[in-house]
Amino acid sequence: MPQSLRDFLRHPALLPLALLLLSGAAVALRLVDLGGGRDLWTDEAWVALAALKLTPGEALTAGQSTPPLYLLSVWAAAKIFGGSEAVLRSLSFLCGLGTLAAGWLLARRLTSLPASLLALAAVGLSPVMVYYSKELKQYSGDAFFAVLLFLLVEHLLAAPRFRTWAALGLAGLVGLGFSQTLIFILPVAALVLWGSLPSNLRPRVALLGGFWLLAVAAYYFLFIRRQFDPELVAYWTQDFPDFSGLAPFALWLGSALNRYFWYFLGEWGIFWGPPLAVPGVAVLLHQGRGRAVLYFLGPLLLAFVAACLHRYPFMAHYGGNRLMLFSAPLLYLVVAVGGAAAFAWLWQRRQGWLGLTLAGLLLLSLHPLDNLRENLHPLNNREEISPLVAALARQLQPRDLVYVYYFAAPPFKYYYRGPAARLCWGKSCVETDLETAPAGEAPPPRLWLIASHIVDLAQMRQFAAGLLGPDWQETACQARTGAALLCFEKREQALAVKPRALAKPPEF
């Protein structure tokens, strides 16, 4: 390395400047679209409606699979500051910031400065990590508490004082109320302590593990057992291992790994992620930091075991990899270690130009401009239903009937502030033959269909045809990203009515 460049990299002001730029960009990206710029989508609205209940007990009952302390924290924030999107998402935002801070401190304890900076940049700028830091779901907490627990383990290994033991035990107890995936983290933390601390401290490790086990049991019997949903388990069936033969299992595992690296590292992640992760693991083992490898692979192995028992989806389809977000910071760390080691190896052999070329190609494969656009204006789960709800409220007439599509029900309940209306709640996303009027009553003059969490407008028109039959004709339509509002009238009433657009054309 040229001396001038070496001196530049060692300048005392460079590290604070790099940290300031990376952390500043990460925080700014997590603030954009945190509030009203992006509507709550279906799953977020479920949590929002629960958090807006009058009492904590009602919130927990309505919270479905949301971890109890996460939900109660959002409930408390809504009681104090109001129920806006920004307030409701603020806990996920804080967890996202905590992941950045704890991830940096953990990286500095486990690896070199260049690798730590690369890991910080990956966590700070990853569209996946940015998005879940501003979504009203617990996944940002999954990543934060995973990193926090391993950071506290590192502190305990360095200084096994009583306060460090207490902090680690308390973090596990509280963390279970925010993140159910901590059941994959706590056994790995206990195993690292058992194997790394002197034998005279192992009784304390056993005591700590017993305390965590009791906490897991308490959470299970008080909360998790009641939230078990057989329909959800059936939904994830395809994401459980296929043990019908060696070839089907290999095909399942290959598909799962491809989805995993694609989800967290981009569409080309399967081609460059493993080639960097493998040397990253080798470097960590060579440096005596094998526990970092265990931090990464241990929870994944336990999640795989849970999938074998049909209790947790493993690297699932349809964005289900969000359930593996607890592993993302350690994945980025291991890949960063491999990338830094590869670049250093090339530089030492005076092949720096090759390293820079490969780094440039890698950066291009990540589509940085697309990632920046996604970070600033997330399209993931974007459902712009609130303008349609407002349009419906303005045009609704007393005898109109409003059919709320199955997936649109939670956000509709959150956003609708219009006059009292005749509402029909969708029972499924394949419902047919809707009864628009009880026997002996005249049908409504107009029927409105409002939907969100949809693929495109054609999908909803096909659904409406099966739902209403040939007697109803579409007379108006407004569509936004991931959402649609359709108006129908009886065919004899609509013959002279030319279908009109209520607003701009579809934006799917």
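Strand S1, helix H21 (residues 409-415) and strand S2 together build a right-handed β-α-β unit. Right-handed here means that, with the strands pointing away from the viewer, the path from the first strand over the helix to the second runs clockwise. Helices (H or I, at least four residues) and strands (E, at least two) are DSSP runs, numbered from the N terminus.

A word on the source: this is a predicted model, where local features need pLDDT of at least 70, side-chain atom pairs count only at pLDDT 80 or more, and totals for chains, interfaces and linings use all residues. Residues are numbered from 1 along each chain as its sequence is written, and side-chain values use heavy atoms, with hydrogens and water left out.

Let's look at S1 (residues 401-404) itself. Leu401 and Tyr403 point one way from the strand, Val402 and Val404 the other way, and all are buried (under 20% relative accessible area, with exposed being over 50% and partly exposed in between; 1.4 Å probe, protein chains only). S1 runs parallel to S2 (residues 422-425), joined by 4 bridges; strands pair if DSSP finds at least two bridges between them. Val404 has Trp425 of S2 as its bridge partner. S1 is also parallel to S3 (residues 446-452), again through 4 bridges, and there Val402 is partnered by Trp448.

Now turn to helix H2 (residues 14-31). Its buried residues are Ala26, Leu29 and Arg30. Seen down the axis of H2, the buried residues fall within an arc of 105° (taken from the directions from the helix axis to the C-beta atoms), so they line one face of the helix. The face turned away from that buried side carries the exposed Leu20 and Leu21. After H2 comes Asp33, with a positive phi near 65°.
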